[in-house]
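The sequence and the model are shown first, and a description by topic follows.

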Amino acid sequence: MRRKIILVCSIFIFCLGNAQLINIDVDCDSVIGEIKSLQGMNCGPLPIRSWGADLSQQFREIGVDYVRTHDVMIRYDSITILVWDIDYIFPDSLANPYDPLSYNFIPADSQIQAIINAGAKPFIRLGYSKPYYIGVEFRRKWAEICKHIIMHYNDGWATGFYYDIEYCEIWNEPDIPNFWTGTSSEFYALYDTTAKVLKSYNPNLIVGGPGIAWVQGNWIVDFLDYCKTNSVPLDFISWHTYEDTINANPYIVFRKAEIVQQLLDSFNLPIPQYLTEWNISERQNPWWTCGIKGGAYTASFLVYMQNTPITMAHRYRANANSSGPPSSATWYIDGSYTKPAYAFMAFKKLIETPNRISCNGSDVLGYAVITGKSETGDTVTILISDFQSPNQG
C-alpha cells in the first residue's frame with residue numbers, strides 16, 4: 001500500500017540572482033539525526049512599556065524553549081529599571097546576604113513566572129546589563145548573593161518558589177569593558193569563587209558562562225586555561241555573535257562554533273557550547289534587522305546552527321522598547337510579528353517533524369536548506385532560505 005506524504009515547505013528569500021537554477025534533492029529514507037530546538041530568546045514575554053504587548057502567546061506559537069534573563073527591563077518615561085541586575089535585586093551592597101529583607105525579588109519574580117507561564121524555562125544570567133566591577137573584598141559576598149537568588153527560586157527561600165531552575169550563567173561579556181571594568185584575571189577569580197559556591201550548594205546546577213563577546217583572541221583561551229588548571233566548575237561555555245548589515249553572512253555561526261569547539265577539544269573539555277546572544281547589529285539600519293533581509297538572515301542562521309555543536313541558543317531579543325523600528329527585537333511593541341519572528345515560526349513547524357533527513361542545496365553564502373520527517377513518516381517539512389546567494393530558485 002502506498003503511503004500519502006504531506007509536504008510542508010517554508011521559503012525565505014531576500015533576493016534572487018541571475019545564476020544557475022538549484023535542484024534540491026531530499027532523501028526521505030535517510031535519517032541523519034534529530035533537529036535541535038534552538039528557539040531561545042533574551043528577555044521574557046512581559047512588555048518593557050506599560051502600553052506594550054505581553055508576548056506569552058507569541059512565545060507559545062513559535063515554541064520558545066529557554067529565556068535568558070539578560071537586559072530584562074521595565075521603562076517608565078525616561079527611567080529604565082533593570083530588574084534582573086544583581087544591584088537591583090540586592091540594592092544595598094553593605095546589607096546582609098543571608099537576610100531575606102536585603103533582597104528585592106518582586107519584579108524579578110514576575111518575570112520568571114511569566115517565562116514559565118509562556119511554556120519556556122528560565123536561563124538565569126547572574127550579572128549586569130551595564131559596566132560593573134566586583135572587588136576582591138566583595139567577591140565571596142557576591143557569590144553568596146547569587147546563591148541565595150537561586151535558593152529563592154528553587155528552594156523556597158525568602159518566601160520563594162520551587163521551580164527547579166537548572167541553568168546559571170555567570171556574567172555577560174566580561175571580555176569587553178562595556179560589562180566588566182576589571183582585569184581578566186580578576187574576572188577569572190570572580191567566576192572561580194561564584195561557580196564553586198553555587199556547585200557546593202547544589203551540585204546538580206548547570207553552571208557556566210561567561211557570555212563571551214569575541215571568540216577569537218586570547219581572552220577565551222586564558223579563561224579556559226584558568227578553569228582547567230584550577231579545577232573550576234564549567235558545565236558549559238557561552239558566547240555571542242553579532243554582525244553588521246554590510247558584511248553579514250549567517251554562515252558566521254558555523255565558523256565561530258568551529259573555533260570554540262577546537263578550543264574546547266584542545267583543553268580536553270567535553271562540555272557543550274551555548275550561543276546566548278545572536279543577531280544583526282541594528283546600528284546601521286534598524287529596519288534591515290526586522291525586515292525581509294533580517295528574516296532571511298534569521299532563517300539561514302537557524303539552519304546553519306543545526307550543523308554546529310551548539311545545543312542551546314538565545315536570540316537577542318524578544319520584546320521591543322518603542323513604537324519605532326524594533327531593531328533587534330523579534331516582535332513589534334504591539335506584539336505583531338517581524339520577519340525574523342516568522343522565521344522562528346517556520347522553524348517551529350520544522351521541529352514538529354524532528355527526524356532530520358538528508359538533502360542537498362545549501363552553500364556557505366546564506367542559501368540554506370533543511371528537511372525533517374515526522375515520527376510517523378507521513379509528513380516531510382522543507383525549509384529553504386536564500387539570504388544573499390546568486391541562485392535562481
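## Aromatic pairs

In this predicted model, the structure holds 40 aromatic pairs. One of them joins F105 and W157 in an edge-to-face arrangement, with 6.5 Å from centre to centre and 90° between the planes. F105 belongs to the loop between helix 2 (86-89) and helix 3 (106-117), and W157 to the loop between helix 4 (139-154) and strand 8 (167-170), so the pair ties together parts that are 52 residues apart in sequence.

The two partners can also be described by their accessibility. F105 is buried, its relative accessible area being 7%. W157 is likewise buried, with a value of 16%. Elsewhere, ring pairs link a cluster made up of Y128, Y132, Y133, W142, W171, W180, F187, Y188, Y191, W219, F223 and Y226.

## The barrel

Eight strands form a closed barrel with parallel pairing, in the order 3-4-7-8-9-10-11-12. From one strand to the next, the twist averages 30°.

The bridge partner of Y274 in strand 12 is M312. Helix 9 packs on the sheet, where it touches strand 10 (237-243), strand 11 and strand 12. The direction of helix 9 makes about 165° with that of strand 11.

## Helix 9 and helix 10

Two packed helices are described by the angle between their axes and the distance between the axes. For helix 9 (residues 292-305) and helix 10 (residues 339-351), the axes come within 7 Å and cross at roughly 30°. The crossing of helix 9 and helix 10 is right-handed.

On the side of helix 9, the contact is made by I292, G294, G295, T298, A299, L302 and V303. Helix 10 contributes K339, P340, A343, F344 and F347.

N355 is found in strand 13 (residues 355-359). Is N355 buried or exposed? N355 is buried, because its relative accessible area of 18% falls under the 20% cut-off.

Leaving aside residues up to four places away in sequence, N355 touches V31, G33, T371, G372, K373, S374 and E375.

Key. Residues numbered from 1 in each chain as written. Predicted model: local features only at pLDDT ≥ 70, side-chain atom pairs only at ≥ 80, totals over all residues. Heavy atoms only, no water. Axes fitted to C-alpha atoms, helices over the stretch in contact; angles between N-to-C directions. Helix = DSSP H or I, 4+ residues; strand = E, 2+ residues; numbered from the N terminus. Left-handed = near helix turned anticlockwise from the far one by under 90°. Contact = heavy atoms within 4.5 Å. Pairing = 2+ DSSP bridges. Buried < 20%, exposed > 50% of the residue type's maximum accessible area, 1.4 Å probe, protein only. Phe/Tyr/Trp six-rings, centres within 6.5 Å; stacked < 30°, edge-to-face > 60°.
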